[in-house]
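I opened my notebook to record, entry by entry, what I looked up here. The model itself is shown first, and my notes follow.

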Amino acid sequence: GAPLPGNRPLGLVPHSIRGFLTHYATVLPTTPAFDRCAACAPAVVAAYRDRGVALVRDVGADPGLLERLSGLADLKGAVDGAAWAEADEF
C-alpha cells in the first residue's frame, strides 16, 4: 500500500479502525483514494487552494457545488440513468 502520511499535527487520523477481541489487535485498513471524493478529489483540492474561504462560503450557499466540482453529480447521473437488471433475471 501507499506510505502513511508523515508528521501531522494530530498524528495519524484513520477513517476507520477494525478490531479483533479474540486476540486484542487492531487493523487500520487502507484503500486507494476515491477520485470523486467530496473532500479530497483533485478538483476540490485545487479549487480550495485557488479560492480558499470563498469556496467554503459558496459551498454553504449551494449544497450541490461539491458534488458538481468533485464529479459526484456526473456519477450519480450515470447511475440513475443505468439500466438495472431485475432480481428475477439472474
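This is a predicted model: local features need pLDDT of at least 70, side-chain atom pairs count only at pLDDT 80 or more; totals for chains, interfaces and linings use all residues.

**Entry 1: serine 70**

I began with serine 70, which is buried at a relative accessible area of 6%, where buried means under 20% relative accessible area, exposed means over 50%, and partly exposed lies in between (1.4 Å probe, protein chains only). Residues are numbered from 1 along each chain as its sequence is written, and side-chain values use heavy atoms, with hydrogens and water left out.

I placed serine 70 in helix α3, residues 65–70; helices (H or I, at least four residues) and strands (E, at least two) are DSSP runs, numbered from the N terminus. Leaving aside residues up to four places away in sequence, I found that serine 70 touches Asp35, Arg36, Cys37, Ala38, Ala41 and Val44, a contact being heavy atoms within 4.5 Å. A polar atom of the serine 70 side chain lies 3.5 Å from the backbone oxygen of arginine 36, and the side chain also reaches the backbone oxygen of glutamate 67 at 3.5 Å.

**Entry 2: the chain as a whole**

I then looked up the overall layout, and found four helices and two strands, running β-β-α-α-α-α from the N terminus on. The chain has 90 residues, of which 9% count as buried. Among contacts with a separation of 6 or more, 29% come from residues 24 or more positions apart. I noted an accessible surface of about 7,700 Å² for the chain, 61% of which belongs to carbon and sulfur atoms; such areas come from the Shrake-Rupley method with a 1.4 Å probe, and for residues only the protein chains shown count as cover.

**Entry 3: salt bridges**

How many salt bridges does a search of the whole structure find? I noted four, with a salt bridge taken as a side-chain nitrogen of Lys or Arg within 4 Å of a carboxyl oxygen of Asp or Glu. Side chains of opposite charge can pair when their charged atoms come close.

Arg51, Arg57 and Asp58 are linked in a network of these bridges. In it, arginine 51 and aspartate 58 have their closest N and O atoms 2.0 Å apart, whereas the bridge between arginine 57 and aspartate 58 is listed at 3.3 Å, N to O. I checked the exposure of each member: arginine 51 is partly exposed at 38%, aspartate 58 is partly exposed at 22%, and arginine 57 is exposed at 56%.

Another bridge joins aspartate 62 to arginine 68 at 2.3 Å, N to O. Aspartate 62 is partly exposed at 28%, and arginine 68 is partly exposed at 46%.

**Entry 4: tyrosine 24**

I looked next at the loop between β1 (18–20) and β2 (25–27), where tyrosine 24 is found. Tyrosine 24 is exposed, with a relative accessible area of 75%, and its phi is near 50 degrees, a positive value in a residue other than glycine. Most residues other than glycine have a negative phi.

**Entry 5: a nonpolar patch**

Which residues make the nonpolar surface patch of about 240 Å²? I found Phe34, Leu75 and Val79. Patches are made of residues with over 30% relative accessible area and no salt bridge, with like charges joined within 9 Å and nonpolar side chains (Val, Leu, Ile, Met, Phe, Trp, Tyr) within 5 Å. Leucine 75 lies in helix α4, residues 72–81, and counts as partly exposed because its relative accessibility is 31%.

Terms used. A polar contact is a pair of N or O atoms within 3.5 Å; within protein, one must be able to donate a hydrogen and the other to accept it, and residues adjacent in sequence count only if both atoms are side-chain atoms.
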